[in-house]
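Dear colleague,

Please find below the structure for your review. My notes on what was found in it follow directly after.

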Amino acid sequence: MSVTALPPVPHYNAAPPTKADLDYADLATIDLSKMESARGRAALASQVRDALLTHGFFYVVNHGYPQTQGNRMFDIADVPFSCVSDEEKRLYSDIDQEGTGWYQAYKLRQYWHIDAGVRDQLEYINIDRDVHKQGHPEALRPFLPEIEEFARFNHANVLFAVLRLIALSLELPEDALVKIHNCNGLGEAFVRFIKYYPRSAEDEEKTNNVWLKGHTDSGSITILWSQPVAALQILGKDGKWRWVKHVEDALVVNAGDAMDFLTGGYYKGTIHRVVQPPPDQQQYTRLGVFYFTMTDGDVKLVPLYESPVLKRVGINPRCEDSVAPTMLEWRRGRANGYGRTELRPSKEKGVEEEIINGLVIKHYN
């Protein structure tokens, strides 16, 4: 698509980067320009292994997506929120009436319970990698070709690169993980645009400034396009929450539950949360652009026993193979439960639990 053919889009005015002195996580940076040679991939695989074993998050740079189009994607991301009426949003907010674990288009504000009677102040829209699988609000329709191209770029150029590096780190064939991420079912890879809105001082006090409780992602790999509002925090092994710093034109990548299942606990999903931004950004909205990925829905989430690395370090499966869920079953359970089920107190301080497919899921407050 030529630049001259692109439809006009209102500009989203993002917050300037914070000047607050925050305790940032020291995340590794994976340079995809080094993927060209076998030696480069081997070095990157080692970096990815160390990153997943320490923080579970890392930056990706030199991914190849034009920065001008990346900036435009944030403008497009605001369209379903700023250019669509609440009435039309409700027409596209069929929240999983069939129990699929897939939100058709919108999740509206105040749908989830956060804490102490406070409900969320965020809305998002999910757009399947195949944009024709669902209906879309009128204002978004001119941008569907760009969104579909963006999704395919994320899948082929970023996800597949990361999966190849993870496979190498496990001493598996490079395509071992790529082969089970074919998107052969509903919602196994999708773009998400999400917008957080400032909350009242009363709500902030009731929730201890937590906008989204600490959790792991249900899928295999999550790709977040870095944006300037500081709000994302990850839980370190020392029990401390640290901020994720904005890096211009970088991607923030993390592993989720599916990777934990597949590696027998070797690469765990990192617990992360969203909190109130620092004072100099609190008057701004926070706009996020994500690409969420999962294995194919029929993949049974059991360890990759053929990995020489996992054989050496020991495999600690989350459950017996005979009762392990498929990706589809796990996705449904996680999505249907989040923010809607009654959480029970855990023995750990500041932790609540729910049971999904017979397994304990923890939420960190």
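Gln134 is placed in the loop between strand 7 (122-128) and helix 4, where helices (H or I, at least four residues) and strands (E, at least two) are DSSP runs numbered from the N terminus. With a relative accessible area of 12%, Gln134 is buried; buried means under 20% relative accessible area, exposed over 50%, and partly exposed in between (1.4 Å probe, protein chains only). Gln134 and Ala335 are 201 residues apart along the chain, and their C-alpha atoms are separated by 18 Å.

Please note that this is a predicted model, in which local features need pLDDT of at least 70 and side-chain atom pairs count only at pLDDT 80 or more, while totals for chains, interfaces and linings use all residues. Residues are numbered from 1 along each chain as its sequence is written, and side-chain values use heavy atoms, with hydrogens and water left out.

The expected span is 1.5 Å times one less than the number of residues. Gly40, Arg41, Leu44, Ala45, Val48, Ala51 and Leu52 are the buried residues of helix 1. Seen down the axis of helix 1, these buried residues fall within an arc of 135°, so they line one face of the helix; the arc is that of the directions from the helix axis to the C-beta atoms. Their packing partners are strand 1 (28-31), strand 2 (57-61), helix 4 (144-169) and strand 13 (251-255), with contact meaning heavy atoms within 4.5 Å. Just after helix 1, Gly56 takes a positive phi of about 80°.

Helix 2 has 16 residues and reaches 23 Å from its first C-alpha to its last, close to the 22 Å expected at 1.5 Å a residue. Of its 16 residues, 12 are buried, so helix 2 is largely enclosed by the rest of the structure. Among the buried residues of helix 2 are Arg72, Phe74, Asp75 and Asp78.

Val84 lies in the loop between helix 2 and helix 3 (86-91) and is buried, with a relative accessible area of 7%. Leaving aside neighbours within four places in sequence, Val84 is in contact with Val79, Lys89, Tyr106, Pro137 and Ala139. Val84 and Glu138 are 54 residues apart in sequence and 8.0 Å apart in space, C-alpha to C-alpha.

The second largest pocket

Which residues lie nearest the centre of the second largest pocket? They are Asn71, Phe74, Ser226, Pro228 and Glu248, out of a lining of 22 residues. Helix 2 (67-82) and strand 15 (286-293) are the elements that give two or more residues to this lining, and the largest share, 5 residues, comes from helix 2. By class, the lining has 10 nonpolar, 8 polar and 4 charged residues; Ala, Val, Leu, Ile, Met, Phe, Trp, Tyr, Cys and Pro count as nonpolar, Asp, Glu, Lys and Arg as charged, and the others, Gly among them, as polar. About 370 Å³ of space lies in this pocket.

On a 1 Å grid over the protein atoms alone, a pocket is an open set of points with protein on both sides within 12 Å along at least five of seven lines, whereas a cavity is a set where a 1.4 Å probe fits but cannot get out; lining residues have an atom within 4 Å of a point. Grid points are joined across faces, edges and corners, and a volume is the space filled by probe spheres set on the points.

The second largest cavity and Tyr196

The structure holds 2 cavities of 30 Å³ or more. The second largest cavity has a volume of about 30 Å³ and is lined by Gln121, Leu122, Tyr196, Tyr197, Arg199 and Trp211. Its lining has 4 nonpolar, 1 polar and 1 charged residues.

Tyr196 belongs to strand 8 and is buried, with a relative accessible area of 4%. Not counting residues up to four places away in sequence, Tyr196 touches Gln121, Leu122, Trp211, Leu212, Val274, Thr285 and Arg286.

Ala116, in the loop between strand 5 (113-115) and strand 6 (118-119), has a positive phi near 50° and counts as partly exposed at 46% relative accessibility. Glu171, in the loop between helix 4 and strand 8 (189-196), has a positive phi of about 60° although it is not a glycine. At 42% relative accessibility, Glu171 counts as partly exposed.

With kind regards
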